[in-house]
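Here are my notes for a colleague who is opening this entry for the first time. Please read the numbered points with the sequence and the structure side by side.

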Amino acid sequence: MKQNMTLTPNMTEEEAARQKAINDWLPVTASRTAKWWYSAFHNVTAMVGAGVLSLPYAMSHLGWGPGVTVLILSWIITFYTLWQMIEMHEMVPGKRFDRYHELGQQAFGEKLGLWIVVPQQLVVEISVDIVYMVTGGRSLKKFHDIVCPNCKSIKTTYFIMIFASVHFVLSHLPNFNSISGISLAAAVMSLTYSTIAWAASAAKGVQPDVDYGYSAKSASGKTFNVFTALGDVAFAYAGHNVVLEIQATIPSTPEKPSKGPMWKGAVVAYIIVGLCYFPVALIGYWVFGNSVEDNVLLSLEKPNWLIAAANMFVVIHVVGSYQIFAVPVFDMMETFLVKKLKFSPSLTLRFIIRNVYVAFTMMVAIIIPFFGGLLGFFGGLVMAPTTYYLPCIMWLIIYKPKPFSITWMANWICIVLGVALMIVAPIGGLRTIILSAKDYEFFS
C-alpha cells in the first residue's frame, strides 16, 4: 500500500518510526480502509449543505437566463476540476498527496506551495464551518418557532450555542473513517431536505404576486446583488477543499490505485448534487420569484410539520458537514504542533485544540450571523480559487499540455472565469453583511 511519508537519507530508524507514528495518529492518514461509497457520501456531505438552500435566492438576483447558465457552468467546471484533483493524487509513482497543500507544494515548490494553498484552504474550511454554525442555529430556531409558536421568542445566538454544543463532543472523534456514520446520515438528510424544499415549493404553487424582475431598482444595487449571487453559487461547490483528504482514506496499490474507487464515488456524488441543486434552484425561484428568502425553507410556511422536519434534517446534515470540513483543520493544527513545535501526540493536546476551534467558529457565527452575505463573501473570496481555478493552474504546471490544445484551453477558460468570480463576488457579499448588520442585536 502506498504511503506518503518521505524518508530522507539522513533520517535514522528512530526518526522514521516517530514520523510513522505521527502519521498513524493524524486524522487524515490514520486510517486507509475506506470503500468507494465512502467517497460518495463524504463528497455529498461536503458539497450539498447551506449552499443549496440559497440557490433560489441567487437565481432571484441573476434571472432565468443568466441564472441557469451560471448553475450549469458551475456544475460542469467543478466536476472537471474535481476529476483533475483525483487524478493528481497519485501522479508521482509511490507517493500520495494526501492533503491539498502537499499537491500545491508539488506544483509550486515546497515553500511557495504552502503559502499559496494553506491560507486559502484554511479560510475555506473555517468559513464553511462558521456558515454551518449559522445555518444550524437558524434552522434550530425555525424548528422551535414552528413546533412551539406560543413559546417565548429566543434569539438565534442561543440556538447557535446549542448547535455548537454538539460539536464540542463530536469533534473528538479521531479521524475521517470514525465520522463515516455521521457523514452517511448527513448525506441522506441532504437529499431528503432538498427534496422537501423543491417538492413543498412546487406544492405551494406559483405565488399570486410573483415577480421575476430584479428586486433592486438602481443599477448599482442590481450589480451588487449579481455579485452576491455569484458568490452564493460558488459556495455551493466547496467540496474540493477536502477531496484529497477524503481520497487519502482509500487504500491504494499499484494494481488498484485509489483514484478508481474515488472517481466512482465522486460521479455518484455529483449526480446526487445535480438532483439536489437544480430542482431546488429552479422550482424555488419559479414559485417565489424575487421575494424568496436567502434560505428557501424560510419562505415556506405550511405544512408546518413538513417544514419543521426539513429544518431538523438541515441541522443533522450540517452537523456532518461541519465535521467533514473540521477534520482537515484539525489535521493541520495537530501536524504543526506535533511536527514543528515538537508536542507529543496525546489526547490532551487534541482535546484542547479541537475545543478551541469549535469555540472560535461559534463566536464568529454569533458575531456575524448573516447567512446570505457570508455565502457571497466567502464563496467568491476563497472558494472560487480553490475550486474553480487552482486545480487548473496546478494541472498546467505539472502536466504542461500543448498550448491551444483542448485541455490547455479548457483549463484557461476555468482560470479566467474563476479569477473573475473571485474579484466580484466578495464585494456583493460584504455589502450584504454591512446592510444586515445595521439592525442586528446580539442578545435580547
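**Notes on helix packing and buried positions**

1. H8 passes H11 in a left-handed crossing, where left-handed means that the near helix is turned anticlockwise from the far one by less than a right angle, and right-handed that it is turned clockwise. The model is a predicted one, in which local features need pLDDT of at least 70 and side-chain atom pairs count only at pLDDT 80 or more, while totals for chains, interfaces and linings use all residues. Residues are numbered from 1 along each chain as its sequence is written, and side-chain values use heavy atoms, with hydrogens and water left out. Helices (H or I, at least four residues) and strands (E, at least two) are DSSP runs numbered from the N terminus.

2. The axes of H8 and of helix H11, which covers residues 259-288, come within 9 Å and cross at roughly 25°; axes here are lines fitted to C-alpha atoms, for helices over the stretch in contact, and angles run from 0 to 180 degrees between N-to-C directions. That makes H8 roughly parallel to H11, given that angles under 35 degrees count as roughly parallel, over 145 as roughly antiparallel, 65 to 115 as roughly perpendicular and the rest as oblique. Contact means heavy atoms within 4.5 Å, and among the H8 residues that meet H11 are Leu191, Ala197 and Trp198, with Ile272, Pro279 and Phe288 among their counterparts in H11. By class, this contact of H8 with H11 has 11 nonpolar, 4 polar and 1 charged residues, where Ala, Val, Leu, Ile, Met, Phe, Trp, Tyr, Cys and Pro count as nonpolar, Asp, Glu, Lys and Arg as charged, and the others, Gly among them, as polar.

3. Thr195 also lies in helix H8, and at 32% relative accessibility it counts as partly exposed; the classes are buried for under 20% relative accessible area, exposed for over 50% and partly exposed in between, with a 1.4 Å probe and protein chains only. Although Thr195 and Ala229 are 34 residues apart along the chain, their C-alpha atoms are separated by 22 Å.

4. How do H7 and H13 pack, and at what angle? Helix H7 (residues 156-170) and helix H13 (residues 347-367) pack at an angle of about 165°, their axes being 10 Å apart. That makes H7 roughly antiparallel to H13, and the crossing of H7 and H13 is right-handed. The residues that meet include Thr157, Ile160 and Phe168 in H7 and Asn355, Val358 and Ile366 in H13. The contact of H7 with H13 has 9 nonpolar, 3 polar and no charged residues.

5. Helix H1 (residues 13-25) and H12 have axes that come within 11 Å and cross at roughly 160°, and H1 and H12 are therefore roughly antiparallel to each other. Their crossing is right-handed. Arg18, Gln19, Ile22, Asn23 and Trp25 in H1 meet Glu334, Val338 and Lys339 in H12, and the residues of this contact of H1 with H12 divide into 3 nonpolar, 2 polar and 3 charged.

6. Leaving aside neighbours within four places in sequence, Tyr277 is in contact with Met47, Val48, Val52, Leu55, Ala236 and Tyr237.

7. Gly320 is found in helix H12 and is buried, with a relative accessible area of 2%. Not counting residues up to four places away in sequence, Gly320 touches Thr45, Ile182 and Ala186. Gly320 and Ala187 are 133 residues apart in sequence, yet 8.2 Å apart in space, C-alpha to C-alpha.

8. Asn177 has its place in the loop between H7 and helix H8 (180-204), and it counts as buried at 15% relative accessibility. Residues that Asn177 touches include Ser31, Tyr38 and Thr249.

9. Helix H5 (residues 100-108) is largely enclosed by the rest of the structure, because 8 of its 9 residues are buried. Just after H5, Gly109 takes a positive phi of about 110°.
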